[in-house]
Structures are given as C-alpha cells and as structure tokens.
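Hi everyone, thanks for making time for me today.

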Protein chains: 2
Amino acid sequence: MDIEQTKIPQATAKRLPLYYRFLNNLHSQGKMRVSSKELSDAVKVDSATIRRDFSYFGALGKKGYGYNVEYLLSFFRKTLDQDETTRVALIGVGNLGTAFLNYNFTKNNNTKIEMAFDANTDRVGNEVGGVNVYHIDDLEEKLGDLSVAILTVPASAAQGIADRLVEAGISGILNFTPARISVPSQVRVHHIDLAIELQALVYFLKHYPLNEEAPMDEQ
Amino acid sequence: MDIEQTKIPQATAKRLPLYYRFLNNLHSQGKMRVSSKELSDAVKVDSATIRRDFSYFGALGKKGYGYNVEYLLSFFRKTLDQDETTRVALIGVGNLGTAFLNYNFTKNNNTKIEMAFDANTDRVGNEVGGVNVYHIDDLEEKLGDLSVAILTVPASAAQGIADRLVEAGISGILNFTPARISVPSQVRVHHIDLAIELQALVYFLKHYPLNEEAPMDEQ
DNA sequence: TGGACTATGTGAAAACTTTAACGACTTCCG
DNA sequence: CGGAAGTCGTTAAAGTTTTCACATAGTCCA
C-alpha cells in the first residue's frame with residue numbers, strides 16, 4: 001500500500017486533490033484528453049510542475065498527445081483512496097461548522113462527515129446537512145472508529161477537545177481555531193486560520209509588487 | 001515604505017500574522033519577555049526558523065535575554081501595517097460568509113469587513129455581525145475604494161463576481177470557492193479550498209508515516 | 001506514408017526554505 | 001565581581017520545490 005508513495009513530495013501531495021477535482025469536471029464534460037498546458041491554465045499551476053507531479057506516479061501520459069482523462073482519473077481515484085470513503089467527525093456546529101456540514105464533500109471526495117457534536121443543547125438532536133448533531137459529552141461514546149475530526153469550536157475549547165479526540169483514538173485533526181493545539185507526534189494536525197489568511201493576503205498586497213512578477217501563491 | 005521589505009521570503013511573511021497574534025496574547029497577559037524557544041513551543045515553528053524570520057527585520061532581540069514583548073509587538077504592528085486598518089468587503093452571506101462576519105477580525109488584526117453583499121433578497125438589508133448586507137447588484141456603487149474582497153459565494157458565481165470586483169478596482173481576493181478564478185496579473189488571489197484541505201489531510205494520514213518523524217505541516 | 005507538429009518525462013540548474021551549530025554578548029546568581 | 005547559563009544572530013549545510021530546456025516519441029494531416 002505504501003510502496004513508492006512515501007517518496008511523493010508534500011508539495012505534490014497537496015496539489016493532488018486539486019488535480020483530481022478538475023479531472024472530474026473534465027470527465028463529466030465528456031472530455032477525453034487533456035494536456036499539462038490546459039491543466040495549468042485551469043488550476044493555475046505551472047505546466048512543468050504538473051508534469052513533474054504526475055511523473056512521480058510513473059509515465060501516465062503519452063508524448064505528443066497528453067493525458068487520457070479517464071485513465072488519469074481512475075489512477076488518481078486509486079491513489080487518493082477515493083474508493084474507500086474516509087469517515088469524519090465535526091466538532092462545533094456554529095456558522096463555520098454548519099458551512100462544512102452543508103458542503104457536499106462526498107460528491108467529489110469520498111470523504112464523509114458522519115456525525116457532528118456541539119455543546120449547545122439547542123443544536124443537539126438536530127440534523128444539519130443530513131448529519132446528526134450529538135452533545136459533546138457523548139463524544140467518546142459515539143465516535144467509534146472515526147479517524148479524522150474537523151475542529152470548528154471556539155479557540156478556548158480547542159485544546160481540551162483535541163485532548164479528548166486524541167484519547168478517543170483520532171489520528172488527524174483539521175483545526176480551524178486560532179489556537180495552535182498540542183498533540184502527540186503520531187497525530188497529524190493541519191491548521192487553517194482564517195484571520196491569518198486574511199492578514200497574510202493584506203501583507204502581500206502591501207509589500208510585494210503587484211505587477212507581472214507578483215509571486216504566485218496557491219493553496 | 002517598501003525599503004528592504006521586499007526581500008522577506010514568502011514563507012516568513014505567512015508566519016508573521018501568527019507571531020503577531022501570539023505576541024498580542026503575551027502582552028495582554030502582562031508578559032515582558034519571551035525567547036524564541038518559548039515562541040516555538042507555542043506556535044509550533046522551529047526556534048531557529050523564528051530567529052531567522054525575525055532577523056530579516058534586523059536585530060530585534062538581545063543575546064542571553066530574548067525578545068522584549070512590547071518592543072517586538074510595536075515593531076510588528078508597524079510592519080504588518082496594523083496601524084492602518086484595511087477595509088474589506090465580503091461577497092456571499094451564506095454559512096461561511098456569516099462565520100466570517102461574526103469573527104471579530106478587528107480585535108487583533110486591524111482588518112475590518114466594512115460591507116457585505118448577497119444575491120438573496122432575504123438577506124439584503126440585514127445586519128450580520130455588525131455589517132450591512134447589500135444586494136449584489138449594488139456592488140459597484142457601494143464598493144468605493146475597498147481593496148480586498150472575501151469571496152464566499154457558490155463556485156458557479158465565482159468568476160463572474162471576480163470579474164466585477166477587478167473591474168471595480170479591487171486588488172486582492174481571498175477566494176473560498178473551489179473555482180480557480182482568473183484575474184489580471186496585478187490582482188492577487190489566495191485560494192482556500194476547504195474540501196481540498198480535508199482531502200490533503202486524509203492523503204497525508206494514509207501515505208505518510210504517523211510516527212515521530214511525521215513531516216510537520218502547518219497552515 | 002512522410003514529415004511537421006505536439007507534448008511528455010526528466011536531467012540539471014536555480015530558487016527557496018529549513019535546520020544545525022556556534023561565536024558573541026547578556027544576564028544573573030553566589 | 002566572576003563565572004555559569006542562557007539566547008541571539010548568522011554562517012553554512014542540507015533539504016525541498018520549482019523551473020528550464022530538450023531529447024524523445026507519438027499524433028495527425030495531406
């Protein structure tokens with residue numbers, strides 16, 4: 001399962017879902033082939049980078065032709081483990097949490113939010129975006145073998161909940177709170193901090209040239 | 001204004017808001033000094049990286065002592081242009097948009113959402129998180145000299161709105177839609193794609209070692 | 001079928017980022 | 001006051017990512 005794949009650079013791995021989604025679009029539009037140049041225009045990643053990224057998986061294209069959409073897609077589906085849906089829990093059904101619950105992840109991603117938790121009893125028992133909301137007190141009881149959690153609680157609650165999630169056996173946390181949580185080294189945390197993203201954008205605008213050569217930044 | 005600053009690496013620039021926020025916390029806790037090691041533990045960035053980051057701005061610390069919180073903070077305030085509030089518009093008052101409007105950016109960030117727009121007449125005329133919601137048809141009329149926009153509309157509307165924003169003179173867009181929008185080169189776009197973040201996390205969990213040596217990845 | 005065209009895959013270089021290591025200077029305790 | 005401990009700022013090395021540039025091999029039209 002992990003043969004070869006460990007060698008794929010992180011930067012590449014982060015772009016895979018992007019490629020995957022765009023290929024999906026092409027496929028549903030009935031497009032049969034695509035070149036690295038076309039992909040580049042669509043996802044705003046240099047075409048050489050795309051070719052390099054793909055090449056980590058072997059020779060997926062054909063010279064003078066490009067890539068076969070169907071083939072590439074089925075290859076990526078396997079690689080991204082799209083066949084096996086990853087079950088996810090969401091903690092904190094505020095505005096941001098609700099946005100997530102209403103986002104149809106399963107459509108393209110084979111990632112499904114299975115359950116949600118909240119401390120507010122008004123929200124408990126409801127169904128949001130087709131997902132049941134349980135009380136946070138029942139976290140350990142309900143969580144089962146879910147391995148990924150999305151954390152959309154207030155910052156002050158983040159570390160406490162994270163500790164409980166770790167204790168309950170979670171292995172990945174997508175942390176949307178400004179708190180930088182501490183977890184054992186075998187648990188992976190990705191931070192997405194909305195305020196920082198906004199501030200960083202503003203900083204770049206003020207301090208980096210706005211012209212032709214403005215450094216690209218995606219992600 | 002731009003003297004020297006242009007040389008600061010992008011990777012460093014992205015961490016500045018993080019440092020800034022933590023220093024703010026320290027300051028309000030009455031802490032007078034802090035070392036790169038303490039900062040490192042808190043924000044989960046290697047201490048050598050922190051010292052290197054700071055050093056781009058000159059010698060801000062003192063050997064054998066660390067950094068003076070107040071001084072560092074006032075320095076960053078200037079550097080991050082915290083003194084001058086950046087005025088922002090938000091387009092699309094759905095769940096995600098609402099989450100933003102309720103997030104008190106101004107508190108730490110001197111970034112303020114001044115107005116919001118939506119196509120849904122039920123939302124127009126309301127006030128969300130203290131921000132007036134206008135109809136999207138009035139975008140050009142109301143926008144004034146705002147230079148940054150947060151895009152939280154459905155993906156299908158993203159490019160059209162982006163075109164209008166560019167036309168209206170916006171210079172930076174924080175794009176939360178899955179659509180990769182095209183803009184002239186003098187406009188800066190940062191993409192934040194929730195589905196991709198989740199998928200990337202799942203990919204890393206499955207393909208990268210979960211032990212001591214798991215590659216760190218923040219933001 | 002032949003030849004112009006197209007677009008991949010990759011070696012090599014460049015660019016960027018992180019990390020290790022340590023000299024130099026401060027602090028602080030006894 | 002003197003020496004141990006602490007911590008910065010930075011040089012140099014290692015690691016990662018992007019980009020260039022082109023040989024190679026397949027396409028496709030006449």
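Let's begin with a word we will need: a residue is called buried when its relative accessible area is under 20%. Keep in mind, too, that what you see is a predicted model.

Now, is V43(B) buried or exposed? Its relative accessibility is 2%, so V43(B) counts as buried. You will find V43(B) in helix 2 of chain B. And what surrounds it? If we set aside its neighbours within four places in sequence, V43(B) is in contact with L18(B), Y19(B), F22(B) and I50(B), and also with R180(A). Here is one more pair to look up: R15(B) lies 28 residues from V43(B) along the chain, and their C-alpha atoms are separated by 9.4 Å.

Let's step back to the helices. In chain B, helix 1 covers residues 10-28 and helix 2 covers residues 36-43, and they pack at an angle of about 105 degrees with their axes 11 Å apart. Angles from 65 to 115 degrees count as roughly perpendicular, and helix 1 of chain B and helix 2 of chain B are therefore roughly perpendicular to each other. Which residues make the contact? From helix 1 of chain B come L18(B), Y19(B), F22(B) and L23(B), and from helix 2 of chain B come L39(B), A42(B) and V43(B). Sorted by class, this contact of helix 1 with helix 2 of chain B has seven nonpolar residues, no polar ones and no charged ones.

Please turn to chain A now. Helix 1 (residues 10-28) of chain A and helix 2 (residues 36-43) of chain A pack at about 105 degrees, and their axes are 11 Å apart. That makes helix 1 of chain A roughly perpendicular to helix 2 of chain A. Here L18(A), Y19(A), F22(A) and L23(A) of helix 1 meet L39(A), A42(A) and V43(A) of helix 2. By class, the contact between helix 1 and helix 2 of chain A has seven nonpolar residues, with no polar and no charged ones.

On to the strands. In chain A, seven strands form an open sheet with mixed pairing, in the order 5-6-4-3-7-8-9. Its edge strands are strand 5 (127-128) and strand 9 (188-191) of chain A, each of which pairs on one side only. Strand 7 (residues 148-151) and strand 8 (residues 172-175) of chain A run parallel and are joined by four bridges. Across that pairing, L151(A) stands opposite N175(A). Helix 8 (residues 155-167) of chain A packs on the sheet, where it touches strand 3 (86-91), strand 7 and strand 8 of chain A.

Finally, strand 8 of chain B. In a regular strand, side chains alternate between the two faces of the sheet. How do the residues of strand 8 (residues 172-175) of chain B point? G172(B) and L174(B) point one way, I173(B) and N175(B) point the other way, and all are buried. Strand 8 of chain B pairs with strand 7 (residues 148-151) of chain B in the parallel sense over four bridges. To get from strand 7 to strand 8 of chain B, the chain passes through helix 8 (residues 155-167), and this β-α-β crossover is right-handed. Strand 8 of chain B also runs parallel to strand 9 (residues 188-191) of chain B, joined by four bridges, and there I173(B) stands opposite V189(B).

Note on methods:
Residues numbered from 1 in each chain as written. Chains lettered and ligands numbered in written order. Predicted model: local features only at pLDDT ≥ 70, side-chain atom pairs only at ≥ 80, totals over all residues. Heavy atoms only, no water. Axes fitted to C-alpha atoms, helices over the stretch in contact; angles between N-to-C directions. Helix = DSSP H or I, 4+ residues; strand = E, 2+ residues; numbered from the N terminus. Parallel < 35°, antiparallel > 145°, perpendicular 65-115°, else oblique. Contact = heavy atoms within 4.5 Å. Nonpolar A, V, L, I, M, F, W, Y, C, P; charged D, E, K, R; others polar. Buried < 20%, exposed > 50% of the residue type's maximum accessible area, 1.4 Å probe, protein only. Pairing = 2+ DSSP bridges. Right-handed = clockwise from strand over helix to strand, strands pointing away.
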